[in-house]
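Hello,

Here is the structure you asked about. My notes follow below it.

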Amino acid sequence: MNIDYHALLPEFILAGTILLVLVVDVFLPERAKWFAMPIGLIGVVGSLAGVLSLIGAGTRESFGGTYVVDEFALLFKGFFLVTAVVVLALSLRYFREGGFYQGEYYFLLLTSFLGCVMMPSSRDLLLLFLALELVSAPGFLMAAFRKGDVKSNEAGVKFFIIGVLSTAVMLFGMSLIYGVTGGATKLAEIGVALDGVSGEMETLAFAAILFVVVGFAFKVSAVPFQFWAPDTYEGSPVPVAAFLAVASSVAGFAGLLQLMFVAFAGQHEFWVPIFAFLSIATMTVGNLVALQQTQVVRLLAYSGIAQSGYILLTFALVTDDAASNRNAFAAAVTYILIYGVMNLGAFAATVAVSRRHPTLGVADFAGLRETAPVIAVGMAVFMISLAGVPPTGGFWGKLLIFQAAIERGGTLGPALAVVMLVNSVASVFYYLVVPRQMFLRDAADPSRLRVPALVTAVVAVAMVTLVAIFVLPNVFARLAEISTLVGLGA
Amino acid sequence: MSDYYSSYGVVLAVLTAGALLVAVAFTTARLVAPNAPNREKLTTYECGIDPVGDGWSQSHVRYYVYGFLFVIFDVESVFLFPWARVLESIGYAAVVEMTIFIGILAVGLLYAWRKGVLRWA
């Protein structure tokens, strides 16, 4: 059993921070509870430094090859840790002023992020499952953190029941795979073993893949498994909704990418139609329902569902051709990362507005150009980017998926590309609802909105990043290029 | 592959047969069975005895403490026994690892203590 301690450094630092936060919290007086946040922030930054120290160090394996740190893993680890910094920054004032249990919140949040960080390195069914549960379990509690609010309780209970149900379905699928392959749990071994099964065993393997896919479909809120997401996001504290919409769902995609492109790649003829259906249903339903939303978090939830549809589309592009698969994989990774930036930004702007208007109706954004100009410009950029309109990063993300779909050829590729195009156009209508309120309507209360400095900083950085990605796509495309080499190595 | 999807025909047939079976059974029962409702029949069935109390009974919050402490010590003992069995063959690394593990669980106990859940009153 070889353990590469340097490769595990980010996880160790984060785990140590988690324990420290909990211990420090129980000894802090009530007034100073918020101090758990800077401690957590230092730990996350330390963990990020650990990730950076591993760049260029090659592929490193621990625990008999079940835990692999390669460039794909580092890319996602870095992404999750930056997300953690952002969510912590959004949380400070929100939780300090709202009368929450702060120490417990930061403990749970960091534990969830530890699961996220473990996810892209887990190359074994067992570890994958553990990482996914580590992401979800604290999430159930965090969703219900506004204890006095019925909606928050509903959010927690719904998320919990759906989470447990999807886990059970996925675990059943995994146990079938274990049986079909004769005891393989490593993803690469499963890929080899599944290619050898035929006849009735192959049917069983298909059923197993279907169960696993359904389990993950719940996690990434794909239609028809999406109904929990809007209620949960709406009821949760806004920073928690940001965490769920970005970190939790990206963690789901990180796991799904590894499973589909490495373990189940040989069975793509079976699961490509499933993903084609999931993708079309997810983006269409997400966009159509989003058109009718009047509450911003619900709008973002449905927009997130539609965005999941675009990402799922890349799975439906898998063929026997390795080069085209690499394209699809690169498009998926790039889109996921850009999606993370723009969605975090949108939630940051929402956190800023929630201080004056806790109900967060679309009309509450009226006149934001006067009351909080930076937030207003930022939110406009995020919305335009989510719609996939230049000059923003979201445009490149969509273009890459579109290109990959066209290059795949056949009837499926172009057909999916057309569906995606129509959906993107439809989505512009609801994404522009918020900017219209911000710039064309006047606020009822024209006094300046007091926005915490950290939240303004997050909005500004996310906005600049999105525009920078548009201007310098080469730099960003490199990241996805690096990651593709590894995920498809097997 | 179309082979695979066409075998869903069997699933469809089974579903139809199942639905028919239920429909026929219920229709027959409705036609044949005597209908004599009374109040007694509406009470909750609780192993044959008259039900006592409300369905929504409350459980004491102290059970939370039980649950909390049980998880800490249960997990600890589940891993301690096999650990003790293989300790000799692994050596000091195992001691260090188990110390870390117990340390993490001890933080849980510390948390419970500071939150005052160890006081019974």
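The contact between the two chains takes seven residues from chain B and seven residues from chain A. On the chain B side, helix H4 (residues 92-114) gives the most, with five residues. By class, that side has six nonpolar residues, one charged residue and no polar ones. Please keep in mind that this is a predicted model.

Chain B itself is divided into domain 1 (2-42) and domain 2 (62-114). The C-alpha centres of these two domains of chain B lie 51 Å apart.

Val117(B) is in the segment after H4 of chain B. Is Val117(B) buried, exposed or partly exposed? It counts as partly exposed, with 16 C-beta neighbours inside 10 Å. Not counting residues up to four places away in sequence, Val117(B) touches Val65(B), Phe68(B) and Ala112(B).

Now chain A, starting with a pair of helices. The axes of helix H3 (residues 71-97) and helix H10 (residues 238-263) of chain A come within 9 Å and cross at roughly 170 degrees. Angles over 145 degrees count as roughly antiparallel, and that is therefore how H3(A) runs relative to H10(A). From H3(A), the contact is made by Phe76(A), Phe80(A), Thr83(A), Val87(A), Leu90(A), Ser91(A) and Tyr94(A). H10(A) contributes Val238(A), Pro239(A), Ala242(A), Phe243(A), Val246(A), Ala247(A) and Ala254(A). The residues of this contact divide into 12 nonpolar and two polar, with no charged ones.

Next, helix H18 (residues 433-440) of chain A. Its buried residues are Val434(A), Pro435(A), Gln437(A) and Met438(A). Seen down the axis of H18(A), they fall within an arc of 160 degrees, so they line one face of the helix. What do the buried residues of H18(A) pack against? Their partners are helix H12 (296-315), helix H14 (368-371) and helix H15 (373-387), which belong to chain A.

Met174(A) is found in helix H6 (residues 150-180) of chain A. With 21 other C-beta atoms within 10 Å, Met174(A) is buried, because the cut-off for that class is 20 or more. Leaving aside neighbours within four places in sequence, Met174(A) is in contact with Leu125(A), Phe129(A) and Val212(A). Met174(A) and Gly361(A) are 187 residues apart along the chain, and their C-alpha atoms are separated by 42 Å.

Gln295(A) is partly exposed, with 16 other C-beta atoms within 10 Å. Gln295(A) and Ala363(A) are 68 residues apart in sequence but 8.6 Å apart in space, C-alpha to C-alpha.

Some backbone details in chain A are worth checking on your screen.

- Leu360(A) has a positive phi of about 60 degrees although it is not a glycine. Leu360(A) is in the loop between helix H13 (322-354) and H14 of chain A, and it is buried, with 21 other C-beta atoms within 10 Å.
- Phe63(A), also not a glycine, has a positive phi of about 50 degrees. Its place is in the loop between strand S1 (60-62) and strand S2 (67-69) of chain A. Phe63(A) is partly exposed, with 15 other C-beta atoms within 10 Å.
- A cis peptide bond joins Val223(A) and Pro224(A), with omega about 5 degrees. Pro224(A) lies in the loop between helix H8 (200-219) and helix H9 (228-235) of chain A.
- The peptide bond from Pro390(A) to Pro391(A) is cis, with omega near 5 degrees. Pro391(A) is in the loop between H15 and helix H16 (393-408) of chain A.

Regards

How values were computed. Residues are numbered from 1 along each chain as its sequence is written. Chains are lettered from A and ligands numbered from 1 in the order in which they are written. This is a predicted model: local features need pLDDT of at least 70, side-chain atom pairs count only at pLDDT 80 or more; totals for chains, interfaces and linings use all residues. Domain bounds come from an automatic or database domain assignment. Helices (H or I, at least four residues) and strands (E, at least two) are DSSP runs, numbered from the N terminus. Ala, Val, Leu, Ile, Met, Phe, Trp, Tyr, Cys and Pro count as nonpolar, Asp, Glu, Lys and Arg as charged, and the others, Gly among them, as polar. A residue is buried if 20 or more other C-beta atoms lie within 10 Å of its own, exposed if 12 or fewer, and partly exposed in between; C-beta atoms are placed from the backbone. The arc is that of the directions from the helix axis to the C-beta atoms. Axes are lines fitted to C-alpha atoms, for helices over the stretch in contact, and angles run from 0 to 180 degrees between N-to-C directions. Angles under 35 degrees count as roughly parallel, over 145 as roughly antiparallel, 65 to 115 as roughly perpendicular and the rest as oblique.
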